[in-house]
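Reader: Could you please take me through this structure? I am new to the subject.

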Amino acid sequence: MAMLGESMQAHPDGPPSAVSDSPQSVAPTARVDASHDLEVNQCATRLRLLVAAGFAMMLFSASLAFDWWDSLGDYDTAVGYAGVAVFGLITGWLIWLLPGERGPVVIVTPYGIRDLRIGNEFLLWESIAEISTEDRRGHRMIVLTPTPALQQQLSCIRGRSRATPRGAQQDQIVISSEGLATDFDTLQRACRDCHAASDARTALRRDRDQGSGAQGLAVQAS
């Protein structure tokens, strides 16, 4: 059974449901259709606030660099030039992130989940044994407990990289809704519904395979 995949196809039943830029646009009580994909972008409001803060720091640094204040020393001027360079790079990177937020960062489908903040791996629901929640530093997190087979594969990946990816805590995978254009309840409901639908498909396929095997044995016995 494949545990990880590098690519993902959209569900043929219909187009994916994309979450809008504003977290207020997602109603906490909205129902989640487990037969369609849920694509969640980064929160544009938060990025715009960071861009505004970056411009403010650049302006302040420029005032130091070009001696807009009286009686500034050489040290303050050097700090101003350094601030313009540092905050200019940071602000430019944030502006690059703004157009469409560069696509969704969390994708929940009927077959698995991918969080690009953690890695590029597409985790199949069949490889997730349990979904739970946890409070960490005042923030609610979705905790995915992998099956033993996936735990072993993740251990091999961490061993080769000699580092634990962010969001992967030993034998668990942690997904946060912080900074996303959706609320925690919607993301949690999507994960639970898709995971339950995957369990139902797996059980149905197992029953069908067992039924086919029993019919085959009956034919051989006759």
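Author: We shall discuss salt bridges, a surface patch and a pair of strands. This is a predicted model, in which local features need pLDDT of at least 70, side-chain atom pairs count only at pLDDT 80 or more, and totals for chains, interfaces and linings use all residues. Residues are numbered from 1 along each chain as its sequence is written, and side-chain values use heavy atoms, with hydrogens and water left out.

Reader: How many salt bridges does the count come to?

Author: The count comes to 3 salt bridges. A salt bridge here is a side-chain nitrogen of Lys or Arg within 4 Å of a carboxyl oxygen of Asp or Glu. Side chains of opposite charge can pair when their charged atoms come close.

Reader: With which residue does Glu 134 form a salt bridge?

Author: Glu 134 is bridged to Arg 136, with the closest N and O atoms 3.0 Å apart. Glu 134 is partly exposed at 31% relative accessibility, and Arg 136 is partly exposed at 23%. Partly exposed lies between buried (under 20% relative accessible area) and exposed (over 50%), using a 1.4 Å probe and protein chains only.

Reader: And Asp 115, is that buried or exposed?

Author: Asp 115 counts as buried because its relative accessibility is 6%. Its side chain meets that of Arg 117 in a salt bridge (3.0 Å, N to O), and Arg 117 is partly exposed at 22%.

Reader: Which residue meets Arg 140 in a salt bridge?

Author: Asp 185 does, at 3.6 Å from N to O. This pair links distant parts of the chain, 45 residues apart: Arg 140 is in strand E8 (residues 139-146) and Asp 185 in helix H4 (residues 184-221). Helices (H or I, at least four residues) and strands (E, at least two) are DSSP runs, numbered from the N terminus.

Reader: In what sense do E8 and E10 pair?

Author: E8 and E10 pair in the antiparallel sense over 4 bridges; strands pair if DSSP finds at least two bridges between them. Met 141 has Ser 176 in E10 as its bridge partner. In E10 (residues 172-176), 4 of the 5 residues are buried.

Reader: Changing topic, which residues make the nonpolar surface patch?

Author: Met 57, Leu 59, Phe 60, Phe 66, Trp 68, Trp 69 and Tyr 81 make this patch of about 820 Å². Such a patch joins nonpolar side chains (Val, Leu, Ile, Met, Phe, Trp, Tyr) within 5 Å, from residues with over 30% relative accessible area and no salt bridge.

Reader: Which helix gives the most to the patch?

Author: Helix H1 (residues 44-65) does, with 3 residues. Phe 60 lies in helix H1 and is partly exposed at 43% relative accessibility.

Conventions: Patches are made of residues with over 30% relative accessible area and no salt bridge: like charges are joined within 9 Å, nonpolar side chains (Val, Leu, Ile, Met, Phe, Trp, Tyr) within 5 Å. Accessible areas come from the Shrake-Rupley method with a 1.4 Å probe; for residues, only the protein chains shown count as cover.
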